[in-house]
Amino acid sequence: MKLHSFTVENEEPHALFAAFSDQPYSLFFDSAAPSHDLSRYSFIAFQPIETIEAKDGKITITNREQQLSYYGNPFTALRERLEIYGLDKDSRAEWPPFQGGGAGFFGCDLPRSLAPPPAPARPRPILPDMAAA
């Protein structure tokens, strides 16, 4: 992973991101709002060395050498991949607070892949599924 840190004055972070927004897996984390004391950094990421996607319990890991698919826990897969690349190490005080690792999104259906859904209730033919008046 390559991390580049630089200061840009008189330029809005979202305008800089526009130059990279069409790159594969481009991400923009903006916390450089001038109205807040802790807002100092914006992060732009693109062209990751590896991607991890999960859908319905199936995990797909893609990098330059291979594509691997299997069923498992997506959080375990993410942790293991971060360990392989050494991105689980301690941070460096002289660097910005986000120093690399996993970045992306977690969808609303992700919890469904972590545990099997509960068994359906016993059928009760006399009672409807819903009754409203």
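Where in the chain is confidence lowest, and where is it highest? Confidence is lowest in strand 2 (residues 42–45), with a mean of 84. The highest value belongs to strand 5, at 94.

## Confidence in the model

This is a predicted model. Across the chain, the mean pLDDT is 78. Of its residues, 79% reach 70 or more. Where pLDDT is low, the predicted coordinates should not be read in detail.

## The chain at a glance

The chain has 133 residues. It holds 2 helices and 5 strands. Read along the sequence, these elements follow the pattern α-β-β-β-β-β-α.

Of the residues, 13% count as buried. The chain exposes about 11400 Å². Carbon and sulfur atoms supply 54% of that area. Now take the contacts between residues at least 6 apart in sequence: 34% of them join residues at least 24 apart.

An open sheet of 3 strands has the order 3-4-5. Its pairing is antiparallel. Strand 3 and strand 5 stand at the edges, and each has a single partner strand, so one side of each is left without a neighbour in the sheet. From one strand to the next, the twist averages 15°.

Helix 2 packs on this sheet. The helix touches strand 3, strand 4 and strand 5. The direction of helix 2 makes about 170° with that of strand 3.

## Two hairpins

Start with strand 3 and strand 4. They run antiparallel and are joined by 6 bridges. Ala 54 has Ile 59 in strand 4 as its bridge partner. The two strands form a hairpin with 2 residues between them. In the turn, Asp 56 has a positive phi of about 55°.

Next come strand 4 (residues 58–63) and strand 5 (residues 67–71). This pair is also antiparallel, over 5 bridges. Thr 60 stands opposite Ser 69 in strand 5. Lys 58 stands opposite Tyr 71, again in strand 5. Here the hairpin has 3 residues between its strands. In general, strands of a sheet pair through backbone hydrogen bonds, either parallel or antiparallel.

## The salt bridge

How many salt bridges does a search of the whole structure find? The search finds 1. The side chains of Glu 50 and Arg 81 meet in it, at 2.7 Å from N to O. The pair links distant parts of the chain. Glu 50 lies in strand 3 (residues 50–55), while Arg 81 lies in helix 2 (residues 74–84). They are 31 residues apart.

Side chains of opposite charge can pair when their charged atoms come close. Are the two partners buried or exposed? Glu 50 has a relative accessible area of 13%, so it counts as buried, the cut-off being under 20%. Arg 81 is buried too, at 14% relative accessibility.

## Tyr 25

Tyr 25 is found in the loop between helix 1 (13–18) and strand 1 (27–30). Its relative accessibility is 46%, so Tyr 25 counts as partly exposed.

Which residues does Tyr 25 touch, not counting those up to four places away in sequence? They are Ala 45, Phe 46, Pro 48, Thr 51 and Glu 53. Of these, Thr 51 and Glu 53 fall within strand 3 (residues 50–55). Ala 45 falls within strand 2 (residues 42–45). The C-alpha atoms of Tyr 25 and Gly 104 are separated by 8.4 Å. Along the chain, these two residues are 79 residues apart.

## Leu 110

Leu 110 is found in the segment after helix 2. At 15% relative accessibility, Leu 110 counts as buried. Leaving aside its neighbours within four places in sequence, Leu 110 is in contact with Pro 74 and Phe 75.

Leu 110 and Asp 56 are 54 residues apart in sequence. In space, their C-alpha atoms are 7.8 Å apart.

Technical notes:
Residues numbered from 1 in each chain as written. Predicted model: local features only at pLDDT ≥ 70, side-chain atom pairs only at ≥ 80, totals over all residues. Heavy atoms only, no water. Salt bridge = Lys/Arg side-chain N within 4 Å of Asp/Glu carboxyl O. Helix = DSSP H or I, 4+ residues; strand = E, 2+ residues; numbered from the N terminus. Buried < 20%, exposed > 50% of the residue type's maximum accessible area, 1.4 Å probe, protein only. Contact = heavy atoms within 4.5 Å. Areas by Shrake-Rupley, 256 points an atom, 1.4 Å probe, with all protein chains shown as cover. Pairing = 2+ DSSP bridges. Axes fitted to C-alpha atoms, helices over the stretch in contact; angles between N-to-C directions. pLDDT = per-residue confidence, 0-100.
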